Amino acid sequence: MTYSYFPGCTLKTRAKDLDRWGREAMEALGITLEELPEWQCCGAVYPIARDEIALRLSSVRALAAARDLGRPLVTLCSACHHVIKRVNGDMQHDETICDRANNYLKLDNPYHGEAQVLHYLEVLRDSVGFDKLKEKVVKPLTGRKIGAYYGCLLLRPSSELAFDDPENPTIIEDFLRAIGAEPVIYAQRNECCGGYVTLENRDFAKKRVAAVLDNAAALGAEALVTACPLCMYNLRENGGTMPIYYFTELLAEALGIKEAEA
């Protein structure tokens, strides 16, 4: 099966390994991620104002391209997923935004929210299946106690993203079990790490990171895994010695891809 793929800026620049591991892991699971041609930055932050059309246009272009290819649009970055899915909701439900965006873009076939937007983890859960993933694992992460860090962008607003239970999510823990690790449940796993203010208020970001890491460590976590490049950067830069992984790195390791490259 083939999905349209929006990698986003971070995975094309400072985090190329995360992108490569994600693609190769899906190939090993029988799924192809075909990168959209000529994609642009999603906008990085969802524009809340209804009259802010310009910041929505690149997401609409990507959505329209996926629609025209007849495939769901998959994202690997939680920030990209957050922005693109919420813009897609605007195009489905907000007539003013939809009309203005289409008037700006002058698409041959106006876009009205027809594409399906999926996070990579949703593909693993709903298309591949965690049971099948477990069967494909050649190097299980046995004995490794890892805490899932969801952060903000995957889960909220839950009415729009509909990704998982915002108060008690399970998808990353189920992923960890499938690759052989022992998930550690802790209270701060779905609280903000302060990533968006790390440049202007680093002291606050450090306090938030400490709250997350201390809570995870107190419950027995030896490492954290996240699906957000911004969270990964912030947890590493403003944290201590606890290892912070992106989930595609652990997936590639469990499937034997990362080891083979090394």
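What covers the buried residues of H2? The answer includes strand S1 (2-6), strand S3 (73-75), helix H3 (78-93), helix H4 (95-105) and strand S4 (117-119). Keep in mind while browsing these close-ups that the model is predicted.

**View 1. Helix H2 and its surroundings.** Helix H2 takes in residues 57-69, 13 residues in total. From first C-alpha to last, H2 reaches 18 Å, close to the 18 Å expected at 1.5 Å a residue. Its buried residues are Leu57, Ser58, Ser59, Val60, Ala62, Leu63, Ala64, Ala66 and Arg67. Just past the end of H2 comes Gly70, with a positive phi of about 75°.

**View 2. Helix H3, one of the elements covering H2.** Of the 16 residues in H3, 14 are buried, so the rest of the structure largely encloses this helix.

**View 3. Arg86 reaching over to Glu160.** Here the side chains of Arg86 and Glu160 meet in a salt bridge, 3.2 Å from N to O. Arg86 belongs to helix H3 and Glu160 to helix H7 (residues 158-161), so this pair links distant parts of the chain, 74 residues apart. How accessible is Arg86, buried or exposed? Arg86 is buried, with a relative accessible area of 15%, while Glu160 is partly exposed at 34%.

**View 4. Arg71 and Glu34, a pair joining a loop to a strand.** The closest N and O atoms of the Arg71–Glu34 salt bridge are 3.0 Å apart. Arg71 sits in the loop between H2 and S3, and Glu34 is in strand S2 (residues 32-35), so the pair ties together parts that are 37 residues apart in sequence. Glu34 counts as partly exposed, at 38% relative accessibility.

**View 5. Asp19 and Arg23 within helix H1.** These two side chains form a salt bridge at 3.1 Å, N to O. They are four residues apart in H1 (residues 16-28), so about one helical turn separates them. An α-helix has 3.6 residues a turn, so residues three or four places apart point the same way. Asp19 is buried, at a relative accessible area of 7%.

**View 6. Arg208, a buried charge without a salt bridge.** Where does Arg208 sit? Its place is in helix H9 (residues 202-218). Side chains of opposite charge can pair when their charged atoms come close. For Arg208, the nearest side chain of opposite charge is Glu191, 5.2 Å away, whereas a salt bridge needs the atoms within 4 Å. What Arg208 does have is the backbone oxygen of Cys192, 2.8 Å from a polar atom of the Arg208 side chain. Leaving out residues up to four places away in sequence, Arg208 touches Gln188, Glu191, Cys192, Cys193 and Gly194.

**View 7. The two annotated stretches.** An unreviewed UniProt entry places the feature "domain: Cysteine-rich" at residues 4-85 and 148-236. Residues 4-85 are 41% helix and 12% strand, with end C-alpha atoms 14 Å apart. Residues 148-236 come out at 42% helix and 10% strand, and the end C-alpha atoms there lie 15 Å apart.

Conventions:
Residues are numbered from 1 along each chain as its sequence is written. This is a predicted model: local features need pLDDT of at least 70, side-chain atom pairs count only at pLDDT 80 or more; totals for chains, interfaces and linings use all residues. Side-chain values use heavy atoms; hydrogens and water are left out. Helices (H or I, at least four residues) and strands (E, at least two) are DSSP runs, numbered from the N terminus. Buried means under 20% relative accessible area, exposed over 50%, partly exposed in between (1.4 Å probe, protein chains only). Lys and Arg count as positive and Asp and Glu as negative; His and the chain ends are not counted. A polar contact is a pair of N or O atoms within 3.5 Å; within protein, one must be able to donate a hydrogen and the other to accept it, and residues adjacent in sequence count only if both atoms are side-chain atoms. Contact means heavy atoms within 4.5 Å. UniProt positions are given in the numbering used here, feature names are shortened, and annotations may be inferred rather than shown by experiment. The expected span of a helix is 1.5 Å times one less than its number of residues.
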